[in-house]
Amino acid sequence: MAPPPAHEGILRRQSLRESAARTYARSLPIVPVRARGLTIEGADGRRYLDCLSGAGTLALGHNHPVVLEAIRSVLDSGAPLHVLDLATPVKDAFVTELFATLPPELADHGRIQFCGPAGTDAVEAAFKLVRTATGRDGLAAFTGAYHGMTAGALAASGGAQDTSVTRLPYPYAYRCPFGTGGEQGAELAARWTANVLDDDKSGVARPAGMILEPVQGEGGVIPAPDGWLRRMREITAARGIPLIVDEVQTGVGRTGAFWAVEHSGVVPDVLVLSKAIGGSLPLAVIVYREELDAWRPGAHAGTFRGNQLAMAAGAATLAYVRENDLARRAGELGARMTSRLDALAAEHGCIGDVRGRGLMLGLELVDPDTAPDPSGARPAAPALAAAVQRECLDRGLIVELGGRHGSVVRLLPPLTITDEQADAVLDRLADALAVGGRLGAGGVSGVSGSAGASGSAGASGGAGVSGAVGVPGNAESFGAARDAGGAGAAGVGVAGPEQERDAESAPDGEGRAVPRQGSSSGVTP
């Protein structure tokens, strides 16, 4: 017998060596070796349209020429790559470009702190900052939130058990906690927040700060209504509570504005930034009003806060998005994609809700065979979402899952995606939905996983061996139970390497669909 392809060995070794906490590798058993723009090529020769984009990190897609040139120029210059927080021309250029994109009120009276390399580090810095500035300790956060994986950031995220963080209702039209939805639901959420903060008997002391996301990403692509965001700004300002806005995933043009707060006109006291600001490399900062700058020297630091390559790549990315008006483009293309997704929802009863902003889009999948609740929402269908994600991968499309139950199919394409590529993405998604929808929310649990030779997702998940993976988690999911594989849905398999090679179509270098033969699904995209 011929030895298995090299990529299967890589997947097998990953499953043996890496921790049980790995997530994306379970639901996406591929080995990327080359990438450009929207397209990833695996070690097996297959190509994929990447609508994960590093969880929103790749604003310009993979290996954009301006990013590569910025990195090469630093490498060729002989500049130091590691300088802690010393001033450098590269850092100065990055800060200048970043401040040029900020709301003027914040840019004119703001300070910046470089944190550790991840968004969660910036969240921790924001919490420390407002606690230092106010002398208070508690925090206010929202149901469904996701702010990172360190202890403090997790405490402010959905599913946390830490009672030192006050949990407030986030407006969620499809599954409104008040059963009303729309503007009334948002207004009730705002009233609840004001009442909790003002009621001496609420059991909630005035917090050091309030943190929120303009669009909850891992929470299920839930945009906050602009009016509600303005109310949160009014409520916090009137009570001397610093407002922290987490734009780690929504920033740099993703939602149709350079920063998502611009849609509502809100200017936060602290802006938390990471992901796209590093141009695909690790970088995280907070920008805040100068009156909050009560830190002593060394009060917050991080060894890798002086990442010169990330600053160069980030400055190039920020400038390219700004100069080419990619935020406006994201808003226009996102609206067109949403219109087509709405049409898919009319065809498929398993799509309970279509939502998002700009190129941050989500489909909440539900069980169409069950009765809706009084507000019209049907039970979530995480097993169906996992099956649709697998069908997408079979067709050369990478999507992410999120939401309270892992039932939201998320699309985060790069801002450079073309109209033709967007059509290819939606064609493949529509085809995957057609197959997954026929299975039905109940029938999905009986789908067996592919028995690929490599057992690529490892012993815990079993994908490629027995197909025992339930709802694939992701590295930024607050649903920790999903990450064990098999939690939350029974018997939904993730395609093993043999099945991946048999997918019916994959994009060429320009993102056009190229038919492939031998698909096990028998459906043509």
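## The β1–β2 pairing and its sheet

Strand β1 and strand β2 (residues 39-42) run antiparallel and are joined by four bridges, where strands are DSSP runs of E of at least two residues and helices are runs of H or I of at least four, numbered from the N terminus. Within this pairing, arginine 34 has glutamate 41 of β2 as its bridge partner.

The model is predicted, so that local features need pLDDT of at least 70 and side-chain atom pairs count only at pLDDT 80 or more, while totals for chains, interfaces and linings use all residues. Residues are numbered from 1 along each chain as its sequence is written, and side-chain values use heavy atoms, with hydrogens and water left out.

The open sheet contains four strands in the order β1-β2-β3-β15, with mixed pairing; two strands pair if DSSP finds at least two bridges between them. At its edges lie β1 (32-36) and β15 (397-398), each of which pairs on one side only.

## Helices α4 and α11

Helix α4 (residues 65-77) packs against helix α11 (residues 308-323) at an angle of about 145°, and their axes are 8 Å apart; axes are lines fitted to C-alpha atoms, for helices over the stretch in contact, with angles from 0 to 180 degrees between N-to-C directions.

From α4, Val66, Val67, Ala70, Ile71, Val74 and Leu75 meet Leu309, Ala312, Ala313, Ala316, Thr317 and Tyr320 of α11, contact meaning heavy atoms within 4.5 Å. By class, eleven of these residues are nonpolar, one is polar and none is charged, with Ala, Val, Leu, Ile, Met, Phe, Trp, Tyr, Cys and Pro counted as nonpolar, Asp, Glu, Lys and Arg as charged, and the others, including Gly, as polar.
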